[in-house]
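Subject: Structure handover and findings

Hello,

I am passing on the structure we spoke about. The sequence and coordinates come first, and my notes follow.

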Amino acid sequence: MLTRRQIRMLVHRHGGEIIAHENMMIERRCYQHGAVTTFAHSIRVACLAVWMADRLRLWRRVDLRSLIRAALLHDYFLYDWHDWDNGEHRLHGFTHGRAALENAMRDFGDLNHVERDSIARHMFPLTPLPPRYVEGYLVTMADKVSATRETLSPDRFSKQQKAPGRGVAVRRPALPSAAARNRRG
């Protein structure tokens with residue numbers, strides 16, 4: 001069984017080109033769920049997908065490189081879907097898989113069929129077609145688990161915000177806990 005450190009090393013070995021790409025700076029500034037950036041979410045999904053493949057002993061059925069690359073690129077849509085956009089991203093949950101695939105194909109044109117399918121279909125059942133490959137199911141499951149954990153995390157209220165007019169991130173204070181509010185009042 002792989003350790004967390006070994007999993008992180010595998011993700012960096014097979015996904016280093018993606019992680020180092022200049023457009024990942026956009027993902028580092030955009031929030032995905034709660035206080036978690038799209039970049040951090042993508043790393044978490046990649047690590048969790050590898051962990052699942054390891055624990056389910058799927059190594060003979062999984063292309064590790066394709067799994068990691070698809071997981072890192074599954075949300076490569078390169079915009080913050082929380083920002084006001086006059087309703088352009090209101091169907092984000094249904095459409096961002098296709099947007100991520102188009103951006104990934106533009107920036108990393110050598111994607112194979114497993115990577116392309118896994119990125120485009122990771123939002124099943126919001127997308128009508130399920131993934132075709134084991135790697136796609138692992139990315140889909142890891143994404144759902146990560147998104148749920150990030151959304152329900154108590155840290156979701158302490159995300160960094162941009163300072164007005166500067167584009168610089170500043171930490172917003174977390175909301176006080178119920179116990180702290182009761183002590184004050």
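Below is what was found, starting with the overall fold and ending with a few single residues.

Please keep in mind that this is a predicted model. The chain has 185 residues, of which 46% count as buried. Its secondary structure comes to eight helices and four strands. In sequence order the pattern reads α-α-β-β-α-α-α-α-α-β-β-α.

Helix α4 covers residues 64-73, and nine of its 10 residues are buried, so the rest of the structure largely encloses it. The buried residues are Leu64, Ser66, Leu67, Ile68, Arg69, Ala70, Ala71, Leu72 and Leu73. Note that an arginine is in that list; Arg69 comes back below under salt bridges.

Helix α7 runs over residues 134-152, which makes 19 residues. From first to last C-alpha it reaches 27 Å, close to the 27 Å expected at 1.5 Å a residue. Its buried residues are Glu135, Gly136, Leu138, Val139, Thr140, Ala142, Asp143, Ser146, Ala147 and Glu150.

Together with Leu56 and Met141, Tyr137 forms a nonpolar patch on the surface, and the three have about 290 Å² of accessible area together.

**Salt bridges**

How many salt bridges are there? The count comes to eight. Two of them involve arginine 69, with aspartate 110 and with glutamate 115 as partners.

In the pair of aspartate 110 and arginine 69, the N to O distance is 3.2 Å. This pair links distant parts of the chain, since aspartate 110 is in the loop between α5 and α6 and arginine 69 is in helix α4, 41 residues apart.

In the pair of glutamate 115 and arginine 69, the closest N and O atoms are 2.9 Å apart. Through shared partners, salt bridges join Glu17, Arg65, Arg69, Asp110 and Glu115 into one network.

Another salt bridge is formed by aspartate 117 and arginine 121, with the closest N and O atoms 3.1 Å apart. Both of these residues are buried.

Tyrosine 76 lies in the loop between α4 and α5 (92-107), and phenylalanine 108 lies in the loop between α5 and α6 (113-120), so the pair ties together parts that are 32 residues apart in sequence. Both tyrosine 76 and phenylalanine 108 are buried.

A charge over a ring was found as well: arginine 28 lies over the face of phenylalanine 39, at 3.8 Å from the ring centre.

Which residue has a positive phi although it is not a glycine? That is arginine 57, with a phi of about 55°. Arginine 57 is found in the loop between α3 (38-55) and α4. Its relative accessible area is 65%; the cut-off for exposed is over 50%, so arginine 57 counts as exposed.

Proline 125 is in the loop between α6 and α7, and at 63% relative accessibility it also counts as exposed. Proline 125 and threonine 140 are 15 residues apart in sequence, while their C-alpha atoms are 9.7 Å apart in space. Threonine 140 is one of the buried residues of α7.

Regards

Notes:
Residues numbered from 1 in each chain as written. Predicted model: local features only at pLDDT ≥ 70, side-chain atom pairs only at ≥ 80, totals over all residues. Heavy atoms only, no water. Helix = DSSP H or I, 4+ residues; strand = E, 2+ residues; numbered from the N terminus. Expected span 1.5 Å × (residues − 1). Buried < 20%, exposed > 50% of the residue type's maximum accessible area, 1.4 Å probe, protein only. Patch = residues over 30% accessible without salt bridge, like charges linked within 9 Å, V, L, I, M, F, W, Y side chains within 5 Å. Areas by Shrake-Rupley, 256 points an atom, 1.4 Å probe, with all protein chains shown as cover. Salt bridge = Lys/Arg side-chain N within 4 Å of Asp/Glu carboxyl O. Lys NZ or Arg CZ within 6 Å of the ring centre and 35° of its normal.
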